[in-house]
Every structure is written in C-alpha cells, then in structure tokens.
Amino acid sequence: MPTFSELLDKFRLLETELRNRFSLARRNIQFKADPDNPRVLDVTMIGPKHSPYEEMVFQLEWFAPDDFPLAPPIVRFLTKIKHPQIDDFGYIRSVFLGSRWTPSFGVHFSLLIVWELLREPSGESLIGETVGYHGMVDGSKKNRVEKTCLDFSRLSL
C-alpha cells in the first residue's frame, strides 16, 4: 500500500497535468495518445485569434524520441500550412524545440511553443530563408515571440 507522501506526490502530478490540459484547452489545443504508438500524440489546434491562422483547424503529430524529455519532441503539421518556420513536410524549426529545449518543458510547453509560432510567425529561420520569406516579420515581433516563450517556460517551472 502506498504511503501518504507517495499518494500526495501522485496527486500533485495529476493536479499539474490537469492544470496544463485546461491551459491548452483555453487556447483550443487538444491532444490524445495514438492507440498504435504510445510515443505519438495526435494533436488538434485551432489558429490563435488575431493571427494569420485565426480559426483554422490544424492536425499535428507530436512524437517523443527515445531520450525524451532530455531531447525535444518532434512536432509535425499534418495539415498543409505556409509558415516561415515550417517546411514542406510539416516539420517545425524552432530554437525552443531544438537548442533551447530543456527537460522541464514537456508536452504542455512544446504545444504552447507551436501555438505561439502560429500567433506571431517569425521570418527568421533556415527554412524561411530557403523559401524566400526574408523580412516577413520585423525583429521586434521576433523578440516578442521569444519573450513570450521564455515567459511560458518561467511559468512552467
């Protein structure tokens, strides 16, 4: 039989997970585990208000690699989308899902990163340069996106 402190720890984890789910639901982000592969989440996301993708419905695939959460997840749009940080195959290129990833981010934060990329697309990325999105968004907007992602990360700690 589990001890009281073990039950309390499990309750705290459950409470955190529920809070994160409600936070995502307020932003019209929903996900469920793929029945065929437990490392894959099927995600549905509605474009943020006041963005170029407002009210558009997107299907995404979220994949946890073997070394997750030490390595970032691989997130891919299954719905076709034109975005400077998303390639023709739907793969997302973001420093927050790459070099700036930390294990504390988890599923919740990784989906918020994608939502934030939709809210304010940034023109600076390797993919954006190869397809000609130079100057799509000014530097101040890029800085706001980065600041928002960092604020999300502080809240998740």
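Author: Two residues touch, or are in contact, when heavy atoms of theirs lie within 4.5 Å. By that rule F63 touches N37, R39, V40, P73 and I74, leaving aside residues up to four places away in sequence. This is a predicted model, with local features taken at pLDDT of at least 70, side-chain atom pairs at 80 or more, and totals for chains, interfaces and linings over all residues. Residues are numbered from 1 along each chain as its sequence is written, and side-chain values use heavy atoms, without hydrogens or water.

F63 belongs to strand β3, residues 57-63. Strands here are DSSP runs of E, at least two residues long; helices are runs of H or I, at least four; both are numbered from the N terminus. Why is F63 classed as partly exposed? Its relative accessibility is 24%. Under 20% would be buried and over 50% exposed, with partly exposed in between (1.4 Å probe, protein chains only). V75 is 12 residues away along the chain, yet the two C-alpha atoms are separated by 6.3 Å.

Now the sheet. β1, β2, β3 and β4 form an open sheet in that order, with antiparallel pairing. β1 (29-34) and β4 stand at the edges; each has a single partner strand, so one side of each lacks a neighbour in the sheet. From one strand to the next, the twist averages 25°. Pairing here requires that DSSP find at least two bridges between two strands. In general, such strands pair through backbone hydrogen bonds, parallel or antiparallel.

Take the pairs in turn. β2 (residues 37-46) and β3 pair in the antiparallel sense over seven bridges. V43 stands opposite L60 of β3. β1 and β2 are also antiparallel, over six bridges. These two strands make a hairpin, with two residues between them. D34 faces N37 of β2 across that pairing. N37 is also one of the residues that F63 touches. I29 stands opposite M45 of β2.

A helix covers this sheet. α2 lies across β1, β2, β3 and β4, at about 35° to β2. The axes are lines fitted to C-alpha atoms, for helices over the stretch in contact; angles run from 0 to 180 degrees between N-to-C directions. The loop between β4 (74-77) and α2 (106-119) holds S94. Is S94 buried or exposed? S94 counts as buried because its relative accessibility is 13%. Beyond four places away in sequence, S94 touches Q85, I113 and L117.

Next, the rings. Rings of Phe, Tyr and Trp (its six-membered ring) pair if their centres lie within 6.5 Å; planes under 30 degrees apart are stacked, over 60 edge-to-face, and the rest tilted. The count comes to six aromatic pairs. Y53 and F58 form an edge-to-face pair, 6.0 Å centre to centre, with 70° between the planes. Both Y53 and F58 are buried. F105 and F109 form a tilted pair, 4.0 Å centre to centre and 50° between the planes. F105 and F109 are buried too. Ring pairs join W62, F68, W101, F105 and F109 into a cluster.

The charged end of R27 sits over the ring of W115, 5.5 Å from the ring centre. For that label, NZ of Lys or CZ of Arg must be within 6 Å of the ring centre and within 35 degrees of the ring normal.

Step back to the whole chain. There are four helices and four strands. From the N terminus, the elements run α-β-β-β-β-α-α-α. Of the 157 residues, 39% are buried. Among contacts with a separation of 6 or more, 47% involve residues 24 or more positions apart. The accessible surface comes to about 9600 Å², 58% of which belongs to carbon and sulfur atoms.

Key:
Areas by Shrake-Rupley, 256 points an atom, 1.4 Å probe, with all protein chains shown as cover.
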